[in-house]
Amino acid sequence: MIIGIPALRLKGDYLAIITLGFAEIIRVVMLNIDGVLGFDLTGGAKGLTGIPSYTSFLNTFVVVAVSLFLIHTMMKSRHGRAILAIRDNEIAAEASGVHTTYYKTLAFVVSAFFAGIAGGLYAGCIGVMAPAKFGFMKSIEVLVMVVLGGMGSMLGSVISATVLTILPEALRAFADYRMVVYAVVLIITMIFRPQGLLGTYDFSLTSWIDRIRGVRPKAGSAKEGEVRADA
């Protein structure tokens with residue numbers, strides 16, 4: 001929230017620059033704060049070591065499923081619709097009475113909350129947390145996952161993150177050329193699918209529940225309109 005309130009008042013290139021700047025400031029502070037305080041807090045360059053290996057496939061799957069449900073539910077609420085309105089046209093949203101600074105900060109804080117949960121799972125997986133692991137390239141890696149999946153699709157981001165995590169491992173047989181192949185796959189995808197794998201498409205939880213129950217929306221009903229809008 002402290003970072004978001006001043007940063008999210010900016011737009012375009014300036015917003016990208018200030019967020020990268022804050023990320024570097026935090027990384028450098030984590031590296032050097034032990035010397036200032038006079039005792040070990042972050043572990044400096046070596047980071048935090050000896051973290052228990054509590055992360056498993058099961059608890060990661062459960063946390064991801066719950067996170068996706070919460071995000072999906074939030075985006076279907078009044079607050080989520082306000083955020084989507086800002087995404088589609090910020091000027092029109094502000095003219096319609098949407099408090100753009102508030103909702104952009106809300107989205108920023110909620111995103112940071114889920115990123116913190118992901119960081120906790122990551123720590124329990126590798127057992128060591130060092131500032132060097134969260135540099136500029138890590139930000140680019142996450143950004144590529146979002147852009148490749150589709151800027152308006154949560155399902156697309158999940159698929160993209162899965163593919164981009166598996167792909168480098170599947171290409172290990174190519175040794176030194178695996179990252180070149182990885183980059184070529186990304187470039188080809190962005191050329192032929194510039195809107196991302198799924199674009200703005202996302203699944204509708206309501207329609208899935210209705211299908212399981214065997215309920216079909218009536219012609220002209222509000223529920224059919226919602227399904228069409230989701231499609």
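Biologist: In which helix does Arg-27 lie?

Modeller: This is a predicted model, in which local features need pLDDT of at least 70 and side-chain atom pairs count only at pLDDT 80 or more, while totals for chains, interfaces and linings use all residues. Residues are numbered from 1 along each chain as its sequence is written, and side-chain values use heavy atoms, with hydrogens and water left out. Helices are DSSP runs of H or I with at least four residues, strands are runs of E with at least two, and both are numbered from the N terminus. Arg-27 lies within residues 12-37, and that stretch is helix 2.

Biologist: Which residues is Arg-27 in contact with, leaving aside its neighbours within four places in sequence?

Modeller: Contact means heavy atoms within 4.5 Å. Arg-27 and Pro-131 are 104 residues apart along the chain, yet their C-alpha atoms are separated by 5.7 Å. Leaving aside the neighbours within four places in sequence, the contacts of Arg-27 are Pro-131, Phe-134 and Gly-135.

Biologist: Is Thr-105 buried or exposed?

Modeller: Thr-105 lies in helix 6, which spans residues 100-126, and, beyond its neighbours within four places in sequence, Thr-105 is in contact with Met-1, Gly-4, Ile-5 and Leu-8. A residue is buried under 20% relative accessible area, exposed over 50% and partly exposed in between, using a 1.4 Å probe and protein chains only. Because its relative accessible area is 9%, Thr-105 counts as buried.

Biologist: How is the aromatic pair of Phe-57 and Phe-61 classed?

Modeller: Rings of Phe, Tyr and Trp (its six-membered ring) pair if their centres lie within 6.5 Å, and planes under 30 degrees apart count as stacked, over 60 as edge-to-face and the rest as tilted. By this rule the count comes to four aromatic pairs. Phe-57 and Phe-61 lie 6.2 Å apart from centre to centre, with 25° between the planes, and the pair is stacked.

Biologist: Why are Phe-57 and Phe-61 separated by about one helical turn?

Modeller: Phe-57 and Phe-61 are both exposed. They belong to helix 3 (residues 57-75), and they are separated by about one helical turn because their spacing in that helix is four residues.

Biologist: How many residues in the contact of helix 4 with helix 6 are charged?

Modeller: Residues of helix 4 including Arg-78 and His-79 meet residues of helix 6, among them Tyr-103 and Lys-104. Ala, Val, Leu, Ile, Met, Phe, Trp, Tyr, Cys and Pro count as nonpolar, Asp, Glu, Lys and Arg as charged, and the others, Gly among them, as polar. The contact divides into six nonpolar residues, two polar and, as for charged residues, two.

Biologist: How many helices does the secondary structure of the protein come to?

Modeller: Buried residues make up 25% of the 231 residues in the protein. The secondary structure has zero strands, and the number of helices is eleven.
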